[in-house]
Amino acid sequence: VAVLRVFSQANIVSLQHLQADAEAMPLMQAIDMLQRARLVHVIGLRRSYGVASYLAYALNRTGRATVQITGQGGMVLEQAEVAGPQDLLVAISFPPYAADTLRVCEQASLRGTKILAITNGALSPLGRIADLVIDVNDAELKGFRSLTSALCVVQTLVMGLTFGNRHRTRSRKGSTGQSGPDLKDIDC
């Protein structure tokens, strides 16, 4: 019970910091990148794997074509080779940064793939490579990094993309036409 309380408090503090920093986050630019991409590739390895899996899952559930780069079978670079100039790579990594995530970003950058990094900002080596960085500082306690704020950012991006698609569809069809997927029908 004591451990649960300590981790819960650390997550609460992380979310409070995220909420306080929300205005400065480039969320609209990130949503625009997701919208414009032909295909979204998502990579997050080691402790970031769960956040990357959820992002890929949620984007696909909302109709956005997304591929998760998992590195299964040691094929991480080969999986990433298909990302091209019309695509977006969303890279999620926090200290200690997964070396394969950095290699994939470097490879994608050379091919002209846009890169959106969800990481701990200026300290991250992803910041040098990415076209856009969303700075997330989750709590770390006894060597365990909370993923609460990173998941909250990912949920925000997916819902922002979905709201934006709904708004664009309504604008094209007029106020009496059918809109895009209703948020109550999306089970993410």
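What is the volume of the largest pocket? In this predicted model, local features need pLDDT of at least 70 and side-chain atom pairs count only at pLDDT 80 or more, while totals for chains, interfaces and linings use all residues. Residues are numbered from 1 along each chain as its sequence is written, and side-chain values use heavy atoms, with hydrogens and water left out.

The largest pocket has a volume of about 160 Å³. A pocket is defined on a 1 Å grid over the protein atoms alone, as an open set of points where a 1.4 Å probe fits, with protein on both sides within 12 Å along at least five of seven lines. A cavity is a set of points where the probe fits but cannot get out. Lining residues have an atom within 4 Å of a point. Grid points are joined across faces, edges and corners, and a volume is the space filled by probe spheres set on the points.

The pocket lining consists of Ser14, His17, Leu18, Asp21, Ala24, Met25, Pro26, Asp135, Val136, Asn137 and Ser149. Helix H1 (residues 2–21) gives the largest share, four residues. By class, five lining residues are nonpolar, four polar and two charged. Here Ala, Val, Leu, Ile, Met, Phe, Trp, Tyr, Cys and Pro count as nonpolar, Asp, Glu, Lys and Arg as charged, and the others, Gly among them, as polar.

One cavity of 30 Å³ or more is present. The volume of the largest cavity is about 30 Å³. Its lining is formed by Phe7, Ala10, Asn11, Ala139, Glu140, Leu141, Phe144 and Ser146. H1 gives the most, with three. Five lining residues of the largest cavity are nonpolar, two polar and one charged.

The protein chain contains seven helices and seven strands. Helices (H or I, at least four residues) and strands (E, at least two) are DSSP runs, numbered from the N terminus. Along the sequence the pattern is α-α-β-α-β-α-β-α-β-α-β-β-β-α. Of the 188 residues, 44% count as buried. Buried means under 20% relative accessible area, exposed over 50%, and partly exposed in between (1.4 Å probe, protein chains only). Among contacts (heavy atoms within 4.5 Å) between residues at least 6 apart in sequence, 69% join residues at least 24 apart.

The largest nonpolar core holds 31 residues. Such a core is a set of buried Ala, Val, Leu, Ile, Met, Phe, Trp, Tyr and Cys residues joined through side-chain atoms within 4.5 Å. Val90, Ile92, Leu116, Ile118, Ile134 and Leu157 touch the most other members. At least two core residues come from each of helix H2 (27–36), strand E1 (40–43), helix H3 (49–61), strand E3 (88–92), strand E4 (114–119), strand E5 (132–135) and helix H7 (148–173). A second, separate core has 17 residues, including Ile43, Ala98, Ile115 and Leu126. With residues up to four places away in sequence not counted, Ile92 touches Val42, Ile43, Gly44, Leu45, Ser48, Val51, Ala52, Leu55, Thr101 and Ile118.

Three salt bridges are found. The criterion is a side-chain nitrogen of Lys or Arg within 4 Å of a carboxyl oxygen of Asp or Glu. Asp87 and Arg38 form one of them, at 2.8 Å from N to O. This pair links distant parts of the chain, 49 residues apart. Asp87 lies in the loop between helix H4 (76–80) and E3, and Arg38 in the loop between H2 and E1. Asp87 is buried at 2% relative accessible area, whereas Arg38 is partly exposed at 48%.

Another salt bridge joins Asp32 and Arg36, with the closest N and O atoms 2.8 Å apart. The two residues are four apart in helix H2, so about one helical turn separates them. Asp32 is partly exposed at 35% relative accessibility. Arg36 is exposed at 66%. In the Arg103–Asp100 bridge, the closest N and O atoms are 2.4 Å apart. Both residues lie in helix H5 (residues 99–110), three residues and about one helical turn apart. Arg103 is partly exposed at 40%, as is Asp100 at 29%.

Two backbone features complete the description. A cis peptide bond joins Pro95 and Pro96, with omega about -10°. Pro96 lies in the loop between E3 and H5. Arg46, a residue other than glycine, has a positive phi near 55°. Arg46 sits in the loop between E1 and H3 and is exposed, at 60% relative accessibility.
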